[in-house]
Amino acid sequence: MEKPTVVVGVSGGIAAYKAATLCSLLNKQGYEVRVLMTEHATRFIQPLTFQSLTKHPVIVDTFAEPDPSEIAHIAVADAASAYVIAPATANVLGKLAHGLADDMVTTTALAVQAPLIVAPAMNVHMYEHPAVQENLQVLRERGAIIVDPGSGLLACGYTGTGRLAEPEDIVRVVEAVLKRRRDLAGQTVVVTAGPTIEDIDPVRYLSNASSGKMGYAIAQAASNRGAKVRLLSGPVALKPVPGVEMTYVRSTQDLLEAALQAMSAADVFISAAAPADFRPASKLDHKWKKSQGVPVLTLESTPDVLAAVSERKKSGQTLVGFAAETNQAVENGREKLNRKNLDLVVVNDVSEPGSGFAVDTNKVVLVGKDQSQALPLMSKSEVADLILDEVLRIRARQGSQGDVSKQRTPKEGFGNDGSLEERFSKQRTPKEGLSSGGGQTP
Ligand SMILES: Cc1cc2nc3c(=O)[nH]c(=O)nc-3n(C[C@H](O)[C@H](O)[C@H](O)COP(=O)(O)O)c2cc1C
């Protein structure tokens, strides 16, 4: 089988020398490695080093065009199964975020269709500068995978965050990304996200603190992995996820209707929304005036969206729910799993700092029918990928693959391909800093 090609872009920082180790490790893992450098990178390390390690010429000059039968930056972009920029200078991050393309590394970045993995490295003050952080955010939202820098003593003499992630960790990220790529192709994934709103009068409503970030991260991750994704979103302050069919809803009743309609075509339904549980028994059609005194609200229950979806679940469909808990995560998660006939429950530990609503990180316990696994605090996009990994494992065990409308009969007898514990013990720890893009960020 042809070896996947990993293109490595090297820009001009002190850590450029570590890119040599990265290339060497990628080679050892069996990848074809092609190196591109900025002019400034060549001030730190010679192209000859990379040429010797990779057995391929290194391209620095976009206009050199050694092979007249092709255009170098397009050919190398087309060949890439992944494009890793390591180290990525503050300058290169700025160019990537703004679509500038005035050297081989950034020009190729625009032409590449493969996943973009960016490993920044710089002085701590540069790294923490709002411009750099905003550029990283833009890249994340666009789907780039950022391998966060480590902390420690930096070459500039400062101690802080900015040290290039270890080459071994970058290789692990490359491997995870390549493995996951397109593994949801042919599957339709429906995700619900955000809160719902129950109107009291034309200007007041009942709702909750859900930001939608977790659901948006799942939609982005599923789309990155080749799924056809439909995102049913309550009112949130997040940008639509590129490449995903967006449906906006307001009330729990709206969500119920959209969910039931979407469920019929779903292979996987992931309920990450936090629908309002109660609504006013009647909505006032005019604004309640303060002069009228304090209104007395009579509430009623809203429909249980997940229960309704579950009732319509057919064989071949995988149903994932979320539960926000403060204690007894596994017990409460399993109770919900059984009660609502789910395949997986993701229990949010909302008592944990950095977990739950409105933040970019989450600490969850994945509760399956027989096993459960507590994951450490990690970015919502990482959690999203681990949920999808687990969904795929469940579907493989159920014998469910692809288009549910064409496949309703589960095949029996698929082997157990490893427990949750085995799988997650092989996962990276959060300090390794894989974070991928999309709606997880807002
Ligand atoms: C000794 C030295 C070390 C540098 N190290 C870094 C670094 O680690 N990260 C960074 O973003 N810029 C660093 N710079 C600044 C970049 O080299 C400079 O911004 C340059 O324009 C980047 O060019 P490039 O992004 O085209 O490679 C360094 C500069 C010098 C002189």
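At what angle do helix H3 (residues 72–79) and helix H5 (residues 104–111) pack? Keep that in mind while you get set up.

You're looking at a predicted model, where local features need pLDDT of at least 70, side-chain atom pairs count only at pLDDT 80 or more, and totals for chains, interfaces and linings use all residues. Residues are numbered from 1 along each chain as its sequence is written.

**Stop 1: the whole chain.** Show the protein chain as a cartoon: there are 14 helices and 22 strands. Helices (H or I, at least four residues) and strands (E, at least two) are DSSP runs, numbered from the N terminus. Of the 442 residues, 48% count as buried, meaning 20 or more other C-beta atoms lie within 10 Å of a residue's own; 12 or fewer is exposed, in between is partly exposed, and C-beta atoms are placed from the backbone.

**Stop 2: H3 and H5.** Select residues 72–79 and 104–111: the angle is about 55 degrees, with the axes 9 Å apart. Axes are lines fitted to C-alpha atoms, for helices over the stretch in contact, and angles run from 0 to 180 degrees between N-to-C directions. H3 and H5 are therefore oblique to each other (under 35 degrees is roughly parallel, over 145 roughly antiparallel, 65 to 115 roughly perpendicular, and the rest oblique). Now show His73, Ile74, Val76 and Ala77 in H3, which meet Met104, Thr107, Thr108 and Ala111 in H5; contact here means C-beta atoms, placed from the backbone, within 7 Å. The residues of this contact divide into 5 nonpolar, 3 polar and no charged. For sorting, Ala, Val, Leu, Ile, Met, Phe, Trp, Tyr, Cys and Pro are nonpolar, Asp, Glu, Lys and Arg charged, and the others, Gly among them, polar.

**Stop 3: Ala75.** Stay in helix H3 and click Ala75. Ala75 counts as partly exposed because it has 16 C-beta neighbours inside 10 Å. Its C-alpha atom is 9.5 Å from that of Val112, 37 residues apart along the chain.

**Stop 4: the ligand.** Which residues are closest to the ligand? Pick out Gly12, Gly13, His40, Thr89 and Met122, from the 16 that surround it (C-beta atom, placed from the backbone, within 6 Å). That shell divides into 8 nonpolar, 7 polar and 1 charged. Helix H4 (residues 90–98) gives the most to the shell, with 3 residues.

Note on methods
Two residues are in contact if their C-beta atoms, placed from the backbone, lie within 7 Å.
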